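Visitor: I would like to learn how to read a structure, one feature at a time. Please give the general idea before each case.

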Amino acid sequence: TNCVFHSNIAETYGGGIYNDSASPVITNCTFSSNTAISKGGGIYNENSSPILTNCILWGDEAYSSKEVHDSGASAPSVEHCNIWLESGTYPGKNNINQDPAFINPSGKDFRIDLISPCIDGGSNPAVPAGIISDVEGDPRILDRRFPFWLRQVPVTNLFNGPEHQPRRLLVPALPVPRFSWMRITRFGRDS
């Protein structure tokens, strides 16, 4: 729960995780920038049935099956996840295949931007009891629905500088001017 698997390298299978006859529960995790020389850059399942919920698998590399490879009698349960595929979506409930809009993946910043399709896409009941914050200690719930793994991103308040907003913001199409606290009176300016 609440993990980031990134920049790992496997000589053959499973750059992020190699499951061999295992069924781990993986919740609120992100897999990105992992590499497997052969298959399963993010996750490789061999006779395994992992349970993945509220996860992002995006930007991993492998010769084939860049994100997830299932072999043998593997039967993963995957729900409310964003998994890159060349086309279509990964089988399961409420999965998507859309750019998660990471802030700066090349800089290892896997937080999601306000435009991310992962916001409000997760499952609250899947979150283990007692998990109320993300890996950075920020609140997990956004608009009463659980976002896929990562927290809401920093936004700039017009007057107070950076802060984390606990709700979804509507971003106007036109630039918003910055204001300073100043009052104009008929006698001139009062700062």
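Visitor: Which residues line the second largest pocket?

Guide: This is a predicted model, in which local features need pLDDT of at least 70 and side-chain atom pairs count only at pLDDT 80 or more, while totals for chains, interfaces and linings use all residues. Residues are numbered from 1 along each chain as its sequence is written, and side-chain values use heavy atoms, with hydrogens and water left out. A pocket is found on a 1 Å grid over the protein atoms alone, as an open set of points where a 1.4 Å probe fits, with protein on both sides within 12 Å along at least five of seven lines; lining residues have an atom within 4 Å of a point. Here the lining consists of Tyr-63, Ser-64, Ser-65, Lys-66, Glu-67, Val-68, His-69, Asp-70, Trp-84, Leu-85, Glu-86 and Tyr-90.

Visitor: What is the volume of the second largest pocket, and which strand supplies the largest share of its lining?

Guide: The volume is about 150 Å³, taken as the space filled by probe spheres set on the points, with grid points joined across faces, edges and corners. Strands are DSSP runs (E, at least two residues), numbered from the N terminus. β10 (61-64) and β11 (68-71) each give at least two lining residues, and the largest share, 3 residues, belongs to β11.

Visitor: How many lining residues are nonpolar, polar and charged?

Guide: Ala, Val, Leu, Ile, Met, Phe, Trp, Tyr, Cys and Pro count as nonpolar, Asp, Glu, Lys and Arg as charged, and the others, Gly among them, as polar. The lining of the second largest pocket has 5 nonpolar, 3 polar and 4 charged residues.

Visitor: How do I read a sheet, and in which order do the strands β4, β8 and β12 stand?

Guide: Strands of a sheet pair through backbone hydrogen bonds, either parallel or antiparallel. Two strands are called paired if DSSP finds at least two bridges between them. In this model 3 strands make an open sheet with parallel pairing, in the order β4-β8-β12. β4 (25-27) and β12 (77-79) are at the edges with a single partner strand each, so one side of each has no neighbour in the sheet. β8 (residues 51-53) pairs with β12 over 3 bridges, and Thr-53 has Glu-79 in β12 as its bridge partner.

Visitor: Which residues does Thr-35 face in other strands?

Guide: β2 (9-10) pairs in the parallel sense with β6 (residues 35-39) over 2 bridges, where Ile-9 stands opposite Thr-35. β6 also pairs with β10, in the parallel sense over 3 bridges, and there Thr-35 has Glu-61 as its bridge partner.

Visitor: How many aromatic pairs are there?

Guide: Rings of Phe, Tyr and Trp (its six-membered ring) pair if their centres lie within 6.5 Å; planes under 30 degrees apart count as stacked, over 60 as edge-to-face and the rest as tilted. There are 5 aromatic pairs. One of them is the stacked pair of Tyr-13 and Tyr-44, 4.4 Å centre to centre with 15 degrees between the planes. Tyr-13 lies in the loop between β2 and β3 (17-20), and Tyr-44 lies in strand β7 (residues 43-46), 31 residues apart.

Visitor: Is Tyr-44 buried or exposed?

Guide: Buried means under 20% relative accessible area, exposed over 50%, and partly exposed in between (1.4 Å probe, protein chains only). Tyr-44 counts as buried because its relative accessibility is 4%, whereas Tyr-13, at 30%, is partly exposed. Tyr-18 and Tyr-44 are also stacked, 5.0 Å centre to centre and 20 degrees between the planes.

Technical notes
Helices (H or I, at least four residues) and strands (E, at least two) are DSSP runs, numbered from the N terminus.
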